[in-house]
Amino acid sequence: MSAVQGPVLLTARWVVGHENGRHCLYENGELVFEGDRIVYVGHRYPGPVAQRRDYGRALIGPGFVDLDALSDLDTTILGFDNSPAWKKGRIWPESYMRRGPYEMYTAAELAFQKRYAFAQLIRNGITTALPIASLFYRVWGETRDEFLSAASAAGELGLRVYLGPAYRSGHTYVDADGRIRCHYDEQRGMAGLSEALAFGDEIDGRHNGRVRAMLSPDRIETCTPALLRASAAAARERNMPVRLHCCQSRLEYDLVLEQHGMSPPEWLQSLDFLSERALLPHGTYVSGSRHIERPGRDVEIIRDSGASIVHCPLVSGRHGATLESFARYRKLGVNIGMGTDTWPPDMVLNMQVGMVLCRVADASTEAVRSEDYYDAATVGGADALGRPDLGRLAAGAKADIVVFDFSHDRNGQMIDPIQTLMVSGSGRDVSQVIIDGRFVMVDGRIPGFDARLAQEQAQAQFDGLVARYPDRTWGHPPVDRIFSSSYPRPARSPS
């Protein structure tokens, strides 16, 4: 995988350009890049080129920016029809906590997990990713060594990433009576922040700047005031993104309200945590919504701070929640980026689900349009990172380019490529991916990545994790009592 020498001209039925501060569509358009930068977008490029590639009935657009990018062997499937979460291994029981949590993956398995997930992101047209993985199967937080491995995997595959090991100063647990409580270890949280900062200093700018540093305090209810203040101060000093999962569940909202007498956004505001560097997945449980009847200005607080909401509609919808609403947040002036956060890491599917949920929440087909979600997945994410060179195809921007192949009959008829993407498109339509001017996927294939063998290894690793679930499940029931079957499974007849 290497950059092409000299200008490269790409053509397709549609090209998404960027003029006067917004995307535009060039019918039978041309895009030219040289090195890692876009040179030209439009019609009839006047200069010489070293190479031409015509993609026919296709859409050439900017790569997606995934602010909460799945970098795990996702366990959402385990909780999809198995609840409540506290009884099904998604909150540690006190017995497991007291006995001593252990790593349920080896170092080699964690390294494979990241490389496998990064390849899936590329296959779905995601060119900039901020990884997220579960801490439920970890001893505490993520580590420097595993993230050095992640940086190497991103460099090898060509993915643009912001990396920072997740850290926390506490966690929730279920006591013997089934009550959810909190355990905190301030010293451990601060040690995690220190390690994250040292890691950031070590890797920031690697691989031609494609690997950058970020801070990842885990979830708002797992952090103490001191840890959040220190994280915000460090992000401000280094001008780096800081991501904190916030307003994503009723349990979280109620815990913060009980412990601090304020809503999550009110508490973050009081700690001076919120700023234009703050990225907040998921933003669904806020004052005045159907999820939280308490009056307040949660959304306005986030907007006024300059922070960005990271919208992950697929995983939120699977858990019965949604923004109320994407359209209302946009009208209020909140910057919204997108995240996948679950399997499949398909940004197109997330946009489609988001549009449906918004129109249902607002009871109006006019609440949101296709381009509103496409903006969130491109320029919304880039703006959240303070990166005007990402999420758009314009002269001087980074050459992060995705080609959607619309030659398949499954895409149906077309009057507009973005609307077609929202109605019948899929991450599976991505055929070519260029990141930093390098072809990292060509005709659906990533050099050095064997999708079939990787899937076999991922399934074996996943099966091993499932087998350990009883250790960290309240009451320690067997696996078949934790995870139900959709239908009865008759025993095999003796031969």
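A crossing of two helices is left-handed if the near helix is turned anticlockwise from the far one by less than a right angle, and right-handed if clockwise. In this predicted model, local features need pLDDT of at least 70 and side-chain atom pairs count only at pLDDT 80 or more, while totals for chains, interfaces and linings use all residues. Residues are numbered from 1 along each chain as its sequence is written, and side-chain values use heavy atoms, with hydrogens and water left out.

**Two helices**

Helices (H or I, at least four residues) and strands (E, at least two) are DSSP runs, numbered from the N terminus. Helix H5 covers residues 186-203 and helix H6 covers residues 225-238. Their axes come within 10 Å and cross at roughly 15°; axes are lines fitted to C-alpha atoms, for helices over the stretch in contact, and angles run from 0 to 180 degrees between N-to-C directions. The crossing of H5 past H6 is right-handed. From H5, Glu186, Gly189, Met190, Leu193, Leu197 and Asp201 meet residues of H6, namely Ala226, Leu227, Ala230, Ser231, Ala234 and Arg238.

**Salt bridges**

Side chains of opposite charge can pair when their charged atoms come close. A salt bridge here is a side-chain nitrogen of Lys or Arg within 4 Å of a carboxyl oxygen of Asp or Glu. The whole structure holds 35 salt bridges, and the table lists some of them.

| Pair | N to O distance |
|---|---|
| Glu156 and Arg115 | 2.7 Å |
| Arg160 and Asp436 | 3.1 Å |
| Arg297 and Asp304 | 3.4 Å |

Arg160 and Asp436 form a salt bridge. This pair links distant parts of the chain, 276 residues apart: Arg160 lies in strand S9 (residues 160-163), and Asp436 lies in the loop between strand S20 (430-435) and strand S21 (438-441). Buried means under 20% relative accessible area, exposed means over 50%, and partly exposed is in between (1.4 Å probe, protein chains only). Arg160 is buried at 1%, and Asp436 is buried at 3%. Salt bridges that share partners join Asp36, Arg37, Arg160, Arg210, Lys398, Asp400 and Asp436 into one network.

The salt bridge of Glu156 with Arg115 also links distant parts of the chain, with Glu156 in helix H4 (residues 144-157) and Arg115 in helix H3 (residues 107-123), 41 residues apart. Glu156 is partly exposed at 44%, and Arg115 is partly exposed at 21%. In the pair of Arg297 and Asp304, Arg297 is partly exposed at 41%.

**Cysteines**

A disulfide is a pair of cysteine sulfur atoms within 2.5 Å, and the whole structure has 0 disulfides. For Cys182, the nearest cysteine sulfur is that of Cys223, 12 Å away. Cys182 is partly exposed, at 22% relative accessibility. For Cys358, the nearest cysteine sulfur is that of Cys312, 16 Å away. Cys358 is buried, at 1% relative accessibility.

**Ile336**

Ile336 lies in strand S18 (residues 335-338) and is buried, at 5% relative accessibility. Contact means heavy atoms within 4.5 Å. Leaving aside neighbours within four places in sequence, Ile336 is in contact with Ile309, His311, Phe326, Tyr329, Arg330, Ala376 and Gly380. Between Ile336 and Tyr373, the C-alpha to C-alpha distance is 9.2 Å, with the two residues 37 apart in sequence.
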